[in-house]
Amino acid sequence: MIVEAFRGKTILVTGTTGFLGKSIVEKCLRSIPEVGRINLAIRSSTRRPAAERLEREVLASPAFKRLREELGEETFSKLVKEKLAVLELDLGRDGLGLSDAGREQLRECEIVIHSAAAVEFDNPADLSAQTNLLGAARMVEALKAAGSRPHLVHVSTAYVGGMLRGLVREQAPHDPGLNWRHEAAVLSNLRPVVEEESRRPEILKRLRREAGAKMGPAGTPAVARTTERLRDRWVKDKLIERGRVHANAMGFADIYSFTKAMAEHAIVELHGDIPLSIVRPSIIESALAEPFPGWLEGFRMAEPLILAFGRGILQDFSGLPDALLDIIPADFVVNTVLAVAANPPPDDKPRVYHAASGTRNPLRFREVEDASRRYFTKNPLRDKYGQAIGTPTWTYPTRGQLSAQATTALRFVEAAQWVVERLPLGADVAKVSDDLNGERERLERAVNLIQLYGVYTEVDCIFDTRHVTEIWDKVPSEERKQFPFDPALYDWDHYFQDVHLPTVVRMSRAETVVRKGKQPTGSTAVKPESSSVRSAIERRTGRADVLAVFDVDGTLVETNIVEYFLWMRLRAQPLEDWPSFMAQMLREAPRWLYLERRSRADFQRTFYREYKGLDYEVMKGLGREALDAVTLRRIYPEGMRRIREHKRAGHRVLLLTGALDVVVQPLADLLEVEVDCAHLLIDADGRLTGDLQSPPPAGEARGTLLEEYATRNGIVLAESFAYADSLSDLGMLELVGTPVAVNPDARLSQVAGQRGWRIERWRMAPGNWRLPMPDPRSPEYREAVRR
Amino acid sequence: MARPGAVIEVDRNTPPVLFHFGEGVRLEKLPLGARIVYPPDPLDPIAHPERAIKRALAKPLDDDPLKSLLRRGMKLTIAFDDLSLPLPPMAAPDVRQLVMEEVIDMAAEAGVEDIHLIAALGLHRRMTADEIRHIVGDRIFSTFWPDRLYQHDGEDPEANVYIGKTSAGEDVTLHRRAAESDLVIYVNLTLVPMDGGHKSMATGLATYRGIREHHNVKTLMSSLSYMNPPDSALHHSCIRQGQLIEDTVRVFHIETTVNNRAFPSIANFMQKRETDWTAQDQAMFLGMKQFTDIAPPAFKRSVFHAMRAPYGLTGVHAGQVDAVHEKTLEAVRNQISVRVEGQTDIVTIGVPYLGPYNVNAPMNPVLVVCMGLGYLFNFYKNKPVLRKGGVAILTHPCRYEFDAVQHPSYIDFYDEVLADTTDPQEIETKYELRFAEDPWFRQLYRKSHAYHGAHPFYAWYWAAHAMDHAGDIIIVGGDRDVVHRLGFKCATTLEDAFEMAEQTVGRYPSVTHLRMPPILLADVE
């Protein structure tokens with residue numbers, strides 16, 4: 001019956017880059033080779049033309065693996081060439097942006113399966129309206145304009161009825177009293193409004209402050225970029241929220257089901273004499289058997305939940321444990337769609353079909369939890385130590401309670417993070433901060449899941465499937481084997497234990513096997529910690545156009561400009577003056593800490609004023625002494641090794657630092673490398689004025705300095721290395737091909753983690769820490785002060 | 001007369017014995033029948049050092065009186081041993097100061113004007129001004145520092161000259177000023193038989209090129225032991241080099257020896273045998289033990305390193321190098337020799353807080369090996385106290401601690417080289433040259449206060465013989481990770497260490513404890 005109906009027909013499938021559309025095309029190609037031609041509606045994206053998208057986003061999918069294997073590569077491509085054609089159309093444009101040839105192609109279609117949709121529940125309002133609602137309307141208009149009368153099969157969702165209770169009938173949607181044109185206009189026009197709103201001074205100020213707290217020391221451009229990114233996210237979040245609130249107000253769970261419902265209204269109104277069937281699948285999950293058991297693409301609805309359960313992220317979940325959770329395997333939906341397509345309605349009254357399991361093979365929410373528990377008990381996920389993660393027991397509180405709990409926990413973690421990031425401890429808190437970050441992400445995910453999916457576990461309705469069953473009854477028994485779509489045909493236990501859960505775990509790439517343990521401590525084997533940087537150095541050996549640029553304070557030496565100043569000043573004054581000098585320094589400390597946090601450049605500028613009136617030659621002498629007393633004692637041996645490796649490899653080495661020449665120059669001389677550091681102006685008497693000769697090399701200035709240096713010396717920055725410890729070095733790190741965050745502070749650690757930069761922890765040789773003050777008992781000190 | 005050294009067998013009445021334990025001490029009960037080897041008591045010092053020095057300079061051995069060698073307009077260079085000797089540093093005045101003041105007075109009388117003083121530190125670290133002042137005294141320091149009193153730099157291509165090859169083909173180099181002088185006076189302090197003689201000039205004023213000729217695994221493996229020069233390939237090589245130097249430049253040697261009063265009265269219990277401890281010594285021990293158990297390492301270290309030894313001068317000899325050194329060695333042996341009958345299955349040694357290369361710095365793990373298995377293990381004549389395949393047990397906390405200024409090359413040696421292998425031969429072929437020629441280490445050696453890049457290798461070779469000879473090496477109380485990195489075993493208590501050792505040497509092993517410092521030389525029959 002189905003095969004017969006498709007014989008020699010030309011069909012059009014939309015949404016073929018998506019999961020369902022792709023599955024439909026595959027099934028047609030494999031089981032109905034008698035089909036005349038399948039047109040795939042694909043839009044050219046900015047990156048790829050439609051034809052390339054067919055190859056890379058459709059045919060390359062694992063869904064076609066079975067067919068390729070069965071036919072052999074050659075026959076497969078012959079079949080593809082013969083049966084498949086791209087019809088370039090854009091649902092976002094009126095008239096679908098069709099060319100004349102396209103219009104002709106469209107006119108020839110005898111069956112149109114419209115399965116394109118923006119399926120995420122949390123899409124921005126305008127995107128959902130454009131794709132789901134207006135897309136469907138435009139499709140119908142285009143068909144009418146082309147003057148063709150194909151059988152239109154519109155794939156909708158079972159949840160178009162909103163949050164109903166009891167039996168949901170297979171009938172055209174009843175009028176909620178909404179005008180779909182008006183709704184579409186409202187939702188589509190939200191973006192300019194929200195964009196406008198996002199530029200309100202108080203919002204921009206807040207975002208700018210947030211960006212400043214995150215990226216302050218990295219310099220103005222970095223903060224500006226972050227602000228813009230935050231604003232973009234704010235707009236998206238707002239649009240999502242507006243969409244959700246709008247949908248909720250209209251009695252729907254989310255923007256997806258709302259726009260889909262409106263779309264049904266639109267096409268029912270518009271279709272005229274075009275035969276129309278609407279297939280409403282419930283929750284589509286991985287395929288039971290075709291093209292292979294567990295075929296699934298992208299995470300849909302239940303997967304994040306199941307994984308969160310297996311990972312122990314969701315310690316509890318809301319919902320009605322005895323409510324029906326209507327899940328339907330993808331291949332059953334495909335077969336339903338094909339069977340419906342083969343049975344056009346006899347008149348121009350639209351027919352509605354529920355592809356749902358609730359009536360024939362009911363599954364309760366609690367059973368899913370049980371199935372998951374059984375599965376994860378047998379095949380547990382592993383934590384980062386390789387230990388099995390235990391499964392939680394859900395108690396099903398109300399959604400409000402649960403969400404309140406999670407939100408409170410989230411606030412606590414955020415508060416802790418706020419405090420930690422502001423501690424002036426640098427690399428020491430990075431670990432704690434990273435942990436908190438992980439915890440925050442976990443909680444955010446949980447809150448998100450509860451918000452998005454909580455509703456669906458509270459739906460207390462049954463989807464009527466009488467129309468589908470009627471068709472099923474008409475399917476001859478030999479075709480029933482080939483196109484099964486009666487949910488009573490399978491057993492949930494088998495589906496979850498053998499098909500779906502293994503698929504979810506496989507796709508998440510979660511750890512399920514015990515890894516080889518870490519090496520025992522005290523092992524004398526060389527740690528492969530920096531192996532990737534090392535191998536990068538080796539690969540670029542002998543290239544004089546490669547630069548290795550190092551920050552100094554905190555990256556090569558565990559010290560900062562304050563400690564040097566302290567040491568040099570104390571060294572130059574008699575012991576009895578120490579207390580008053582220290583008291584003065586302590587008084588200033590909070591101001592410096594604040595400035596340092598806000599902007600490294602401001603801090604340096606302010607701090608260097610302290611040098612006003614000091615004799616330059618004397619300071620130079622003290623700087624030379626500080627080399628032995630402070631610098632060499634606090635140096636990171638690993639850093640010295642790395643510099644030498646670069647030099648051995650023939651690279652240029654540059655120290656780029658905001659520290660003063662008097663303290664850095666001796667180190668650079670000893671290392672025999674170039675240095676770019678801060679210089680203070682000197683007056684006629686050879687005394688320092690406390691003013692800088694040029695802006696401090698911090699924040700974005702570092703980036704420009706480095707670029708400048710690179711052009712001057714013919715350096716290829718994309719092949720170069722940069723080592724730095726703080727966010728104020730971001731400009732420099734971003735420029736090079738191999739950035740390495742050394743002992744990063746909490747904020748740089750986050751950035752490095754996001755961008756996949758190498759993070760290394762270098763340590764001082766133990767037992768060398770001293771207060772940054774000269775030993776007052778030493779004869780050298782006594783001698784110097786006497787002089 | 002001072003009491004000679006002794007070997008005491010542990011019986012029921014023997015009190016527990018002292019083990020040095022880094023900046024700390026342990027009191028351990030040894031099994032019945034174990035032997036404890038004690039050094040001789042300090043010899044009586046010479047009553048009037050200045051007179052003795054004058055006498056030695058006036059009546060040198062096999063040489064003319066110093067006075068007759070000095071003349072107006074000559075180029076005179078005085079070289080002297082660095083702070084690696086004696087240990088702990090000597091309470092002021094240092095003997096070298098006394099000798100040098102005498103020599104300079106004499107030179108001034110003779111009208112010599114061109115006098116340079118060079119610290120002959122070989123590949124050791126440069127000393128701080130303060131440390132030099134301690135050796136030469138205020139008078140000399142204020143007159144000569146820093147233009148005419150300075151330190152040898154084995155990596156300065158301008159300041160060193162190549163002398164030639166010895167009969168065995170060894171390269172010889174010398175500090176340029178010394179090579180171009182009319183007379184070099186070497187002022188030495190010999191604490192252990194390894195020091196002095198030809199080795200003074202051949203290593204103290206040489207470069208890496210000259211020193212590597214004998215500071216290598218092959219030579220050290222055939223120096224059994226290097227504490228007894230006649231049996232030492234190291235010294236034979238130094239003698240060949242030294243003779244070539246003596247042919248090039250006129251050298252007048254002045255060697256001094258001191259007794260073994262290594263600890264000030266506050267730590268008298270370390271000096272004395274446990275049977276001799278008075279109530280006061282007991283109290284001092286208890287106080288020290290309590291202090292070292294709870295004090296943080298850095299604080300303990302500052303206290304320990306402030307200790308100055310009240311050494312007494314026991315001999316001063318001047319003149320021709322061979323004649324002088326023979327007398328010197330005799331004086332040293334008189335002070336430290338102890339006759340020990342036969343070898344033993346297990347040797348126990350307490351490693352103290354200080355070795356030649358960590359004055360004013362923590363003793364890092366590599367130096368612990370150098371001290372325990374290098375110096376202390378090699379204090380023997382004829383045969384090691386430990387039988388071949390026996391077990392050496394050391395006590396030291398062996399913390400992962402390095403002085404970043406003095407020992408930068410040690411850090412890399414530990415992190416990179418020892419992580420790869422602990423075999424001295426392999427280490428030598430694979431890594432030594434790279435470290436020795438590393439420009440960073442060279443800079444730190446020349447401009448800062450760091451040991452030469454090759455120095456950690458020498459420290460490791462120093463223990464090569466012991467690592468080869470011993471069947472097993474156990475460090476009691478060490479940091480487990482560190483001890484494993486060094487390639488040894490780690491035990492918490494001495495009892496456990498004995499228990500572990502029995503796996504190697506069998507049940508009821510014979511045990512000998514070398515109770516030093518104060519230093520002793522075991523003359524094993």
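**Figure 1. Contact of H14(B) with H18(B) in the predicted model.** In this view of the predicted model, B:Val366, B:Leu367, B:Val369, B:Cys370 and B:Gly374 of H14(B) come into contact with B:Pro456, B:Ala459, B:Trp460 and B:Trp462 of H18(B). Sorted by class, the residues of this contact comprise eight nonpolar, one polar and no charged. Helix H14 of chain B spans residues 365–376, and its axis comes within 7 Å of that of H18(B), the two crossing at roughly 35°. The crossing in which H14(B) passes H18(B) is left-handed.

**Figure 2. Contact of H16(B) with H18(B).** The axes of H16(B) and H18(B) lie 10 Å apart, and the helices pack at an angle of about 165°. Because angles over 145 degrees are counted in this way, H16(B) is roughly antiparallel to H18(B). H16(B) passes H18(B) in a left-handed crossing.

**Figure 3. The side of domain 1 of chain B that touches domain 2 of chain B.** The domain assignment of chain B gives domain 1, made of residues 6–43 + 335–524, and domain 2, made of residues 52–258. The C-alpha centres of these two domains of chain B lie 28 Å apart, and 30 residues of domain 1 are in contact with 27 residues of domain 2. On the side of domain 1 of chain B that touches domain 2, at least two residues are supplied by each of strand S15 (380–381), helix H16 (424–436), helix H17 (439–447), helix H18 (455–462) and helix H19 (464–469) of chain B. By class, this side of domain 1 of chain B has 18 nonpolar, seven polar and five charged residues.

Figure 4. The peptide bond that runs from B:Leu224 to B:Ser225 is cis, with omega near -5°, and B:Ser225 belongs to the loop between helix H8 (217–221) and helix H9 (233–248) of chain B. Another cis peptide bond joins B:Met516 and B:Pro517, where omega is about -5°; B:Pro517 is placed in the loop between strand S19 (511–514) and strand S20 (521–524) of chain B.

**Figure 5. The contact between chain A and chain B.** The contact takes 23 residues from chain A and 28 residues from chain B. Among the elements of chain A, helix H26 (637–648), helix H27 (661–671) and helix H31 (779–786) each supply at least two residues of the side that touches chain B. H26(A) provides the largest share of that side of chain A, namely four residues. Divided by class, the side of chain A that touches chain B has 11 nonpolar, six polar and six charged residues. For the complex, the predictor gives an ipTM of 0.85 and a pTM of 0.76.

**Figure 6. Domains of chain A and confidence in the two chains.** The domain assignment of chain A gives domain 1 (1–178 + 252–282 + 326–359 + 464–485), domain 2 (189–249), domain 3 (298–317 + 365–460 + 499–517) and domain 4 (531–786). Taken over C-alpha atoms, the centres of domain 1 of chain A and domain 4 of chain A are separated by 64 Å. Chain A has a mean pLDDT of 83, with 95% of its residues reaching 70 or more, while chain B has a mean pLDDT of 93, with 100% of its residues reaching 70 or more. Over residues 515–530 of chain A, pLDDT stays under 50, and the model has 14 contacts beyond four places in sequence for these residues.

Note on methods: Residues are numbered from 1 along each chain as its sequence is written. Chains are lettered from A and ligands numbered from 1 in the order in which they are written. This is a predicted model: local features need pLDDT of at least 70, side-chain atom pairs count only at pLDDT 80 or more; totals for chains, interfaces and linings use all residues. Domain bounds come from an automatic or database domain assignment. Two residues are in contact if their C-beta atoms, placed from the backbone, lie within 7 Å. Ala, Val, Leu, Ile, Met, Phe, Trp, Tyr, Cys and Pro count as nonpolar, Asp, Glu, Lys and Arg as charged, and the others, Gly among them, as polar. pLDDT is the predictor's confidence in each residue, from 0 to 100. Axes are lines fitted to C-alpha atoms, for helices over the stretch in contact, and angles run from 0 to 180 degrees between N-to-C directions. Angles under 35 degrees count as roughly parallel, over 145 as roughly antiparallel, 65 to 115 as roughly perpendicular and the rest as oblique. A crossing is left-handed if the near helix is turned anticlockwise from the far one by less than a right angle, and right-handed if clockwise.
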